[in-house]
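Hello,

Here is the structure I said I would pass on. My notes follow below it.

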Amino acid sequence: MSRRPEAERSDWTDLDLLTRDEAAGRLREEIAEIEQTLGDTTGAERELLDTRLRALREAADDLATP
């Protein structure tokens, strides 16, 4: 068992089911899907998709940073 506090443990351990590359690929796929959908949406739905898109891009950027 690790002696490091939970807050200091890496989210990327040997036990994770996805590698960083696999996770980044899935994020890129979802980002592309949302970008295609945005043109057909308005109002509250578009606002929600914009928020989700920003979060997905941020997560993808975090994965790209070593």
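How many salt bridges does a search of the whole structure find? There are three, and please keep in mind that this is a predicted model.

Glu-30 is partly exposed at 26% relative accessible area, and Arg-52 is partly exposed at 42%.

Another is formed by Glu-35 and Arg-57, whose closest N and O atoms are 2.5 Å apart. Here too the partners are 22 residues apart, Glu-35 in helix α1 and Arg-57 in helix α2. Their relative accessible areas are 40% for Glu-35 and 37% for Arg-57.

The side chains of Arg-46 and Asp-50 also meet in a salt bridge, with an N to O distance of 3.9 Å. Both residues lie in helix α2, four residues apart, or about one turn of the helix. Arg-46 is partly exposed at 33%, as is Asp-50 at 25%.

On the fold: the chain has two helices and zero strands. The largest nonpolar core has eleven residues, among them Leu-27, Ile-31, Leu-53 and Leu-63. Helices α1 (20-38) and α2 (43-64) each supply at least two of its residues, and α1 gives the most, with six.

Of the 66 residues of the chain, 20% count as buried. The accessible surface comes to about 5800 Å², 49% of it belonging to carbon and sulfur atoms.

Regards

Key:
Residues are numbered from 1 along each chain as its sequence is written. This is a predicted model: local features need pLDDT of at least 70, side-chain atom pairs count only at pLDDT 80 or more; totals for chains, interfaces and linings use all residues. Side-chain values use heavy atoms; hydrogens and water are left out. A nonpolar core is a set of buried Ala, Val, Leu, Ile, Met, Phe, Trp, Tyr and Cys residues joined through side-chain atoms within 4.5 Å. Buried means under 20% relative accessible area, exposed over 50%, partly exposed in between (1.4 Å probe, protein chains only). Accessible areas come from the Shrake-Rupley method with a 1.4 Å probe; for residues, only the protein chains shown count as cover. A salt bridge is a side-chain nitrogen of Lys or Arg within 4 Å of a carboxyl oxygen of Asp or Glu.
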